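Please keep the sequence and the coordinates at hand.

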Amino acid sequence: MMRAIAFAALLCGGVLSNHAGAKETVDCEARLESASAVTVVVDALTERENPKHFQDIFGVPVKWVKGPPPATPERIPGMVLHIGLGRQLAQHVIGDFNPMLINENLRVEDNKWNEYLMIHSVDPTAIPLSINAIDLIGPNRAPAQAFPTQAQISAMVARFFEVVRQKFPEGAFIKHSAEAGTADKGKMIMTFKTKPDDVAAQFFKEIHNLPARELKQALASQAFSKDRLDDFSAYSRLVVGLLFDPVQIFAQRKIEIMRTSDNANKEIRVDFVAGRAINAHNRWSLEYSPADLRRAKEFVDRFFAKAPLPIRRLTGGADVIYLTDGSLMFMELNVGSQSAYMDARDLMISANLLVSKLKGSPTALIERLETAYHGGFSAKQDLLNQFTARNMDGQYSQSLKDLPFAEVLTYFRNRAMDDLPMPAGIEARRRVMDEITALAVSQSRRIRNSEVRTELKDFLSATRASLEL
């Protein structure tokens, strides 16, 4: 019976329906302000995970779910953050307030094109202009008996790029509506840089070892399975889209993004809950500017303030870019729990900061960090020694011991810069630099990984630039 209840009844999204069919208006602002009880729900990613450690790394009670859902989900009081596949997790556990369950009527979860249309409808200047492939090349062709040759695929991509260039002479990024983490993997498709031959070669490399039955089924149904599409690279998703379903492909006008002193795009990840900006972090740069992060959060808050009610109830991790003219835009919203900054298994400190702000008190980890921060150099050094010097990139944290010391050092750097008076004098800035450098040097002898050593060196350079020294 519980499965039949509309998930919309559990969201914060305007006029909602409960299981009796009545209408109720949910006051999300009040719920967000009073959410002292926060619980995280996560799925089992690997067999070696220990649920007992999850509460340590998330900082709040954690429900660890595995296997088929029960007949009715467990109901618990307060706010529940479903980290992962929200709707599947909600079949196991739901709370009074479930901000990561996205209103299905908006059709923006895991659909970047619909997300673009939604942002554009609220503020056309808030996101780079985009055009759907179906408006450029029309619908897909009749089903074929075999895939085109590699040369034919390359020619098809080249023709598509040329059509896009006619609309966007300055260049464009090509995206698939279901893509996620493409920039993280270094496989962005750009009409001004990507070579059609490389796209075709990658596609044939990826389908080369697929079962003949699967390829035949794909041709017959004009689609690959969602799991297979998720496994494909951005190059292969582009080919599949152009062949079978052009509406899944769109071109986004190239804009001039500001660069940082460490030569990264000036892009800020802003995590927001029920339309309210909570945290902000640099996506690519090791620099730190409290003013830039604050401005990005204000940009997100202004956007949601003028959005209609269902959109104002969204939760996610927005990517906000600084343009060379000083203006701000969204690249995407990443609605739901797509943001790694919300998952303590990915980025432990940022996720703990989020939860701390939502429940109105620090988690145990944040309390430890703050105690050390205020305890002087020795206290900071002692705490850094308790965390790993290993390279944890691409690995999920299983316990507090998996927290990289570099993230703790970054936290100390950021807190020190937050506490600088404005404007900060040269001596105050030098004191921050000297302490952060001394802490980094104290940890350097523990480092065995060359990538960690290089990142620490880059971090110190970026810190110096951030302090304008």
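## Basis

The model is predicted: local features need pLDDT of at least 70, side-chain atom pairs count only at pLDDT 80 or more, and totals for chains, interfaces and linings use all residues. Residues are numbered from 1 along each chain as its sequence is written, and side-chain values use heavy atoms, with hydrogens and water left out.

## Overall make-up

The protein has 18 helices and 15 strands. Both are DSSP runs numbered from the N terminus, helices being H or I with at least four residues and strands E with at least two. Of the 469 residues, 52% are buried; buried stands for under 20% relative accessible area, exposed for over 50% and partly exposed for the range in between, with a 1.4 Å probe and protein chains only.

Contact is taken as heavy atoms within 4.5 Å. Among contacts between residues at least 6 apart in sequence, 65% join residues at least 24 apart.

## Nonpolar cores

A nonpolar core is a set of buried Ala, Val, Leu, Ile, Met, Phe, Trp, Tyr and Cys residues joined through side-chain atoms within 4.5 Å. The largest core holds 87 residues, and Phe-330 and Phe-412 touch the most other members. Helix 16 (residues 405–418) gives this core its largest share, 7 residues. A second, separate core has 35 residues, including Met-156, Val-164, Val-239 and Phe-244.

Leaving aside residues up to four places away in sequence, the residues that Phe-330 touches include Ile-119, Phe-299, Val-300, Phe-303 and Val-320.

## Helix 11

Helix 11 (residues 290–305) has 16 residues, which at 1.5 Å a residue should span 22 Å; its end C-alpha atoms are 22 Å apart, in agreement. The expected span is 1.5 Å times one less than the number of residues.

Which residues of helix 11 are buried? They are Leu-293, Ala-296, Phe-299, Val-300, Phe-303 and Phe-304. These residues lie on the same side of helix 11 because they cover an arc of only 130° around the axis, the arc being that of the directions from the helix axis to the C-beta atoms. Among the elements covering them are helix 4 (112–122), helix 12 (309–312) and strand 14 (316–322).

Helix 4 contains Leu-117, which counts as partly exposed at 39% relative accessibility. Leu-117 and Leu-129 are 12 residues apart in sequence, and their C-alpha atoms are 9.9 Å apart in space.

An open sheet of 4 strands runs in the order 13-12-14-15 with antiparallel pairing, where two strands pair if DSSP finds at least two bridges between them. Strand 13 and strand 15 are the edge strands, each pairing on one side only. On average, neighbouring strands are turned by 35° against each other, direction ignored. Helix 11 packs on this sheet and touches strand 12, strand 13, strand 14 and strand 15; its direction makes about 145° with that of strand 13. Axes are lines fitted to C-alpha atoms, for helices over the stretch in contact, and angles run from 0 to 180 degrees between N-to-C directions.

Strand 12 and strand 13 are joined by 6 bridges in the antiparallel sense. Phe-272 stands opposite Ala-277 in strand 13, and the bridge partner of Arg-269 is His-281 in strand 13. Strand 13 is largely enclosed by the rest of the structure, because 6 of its 7 residues are buried.
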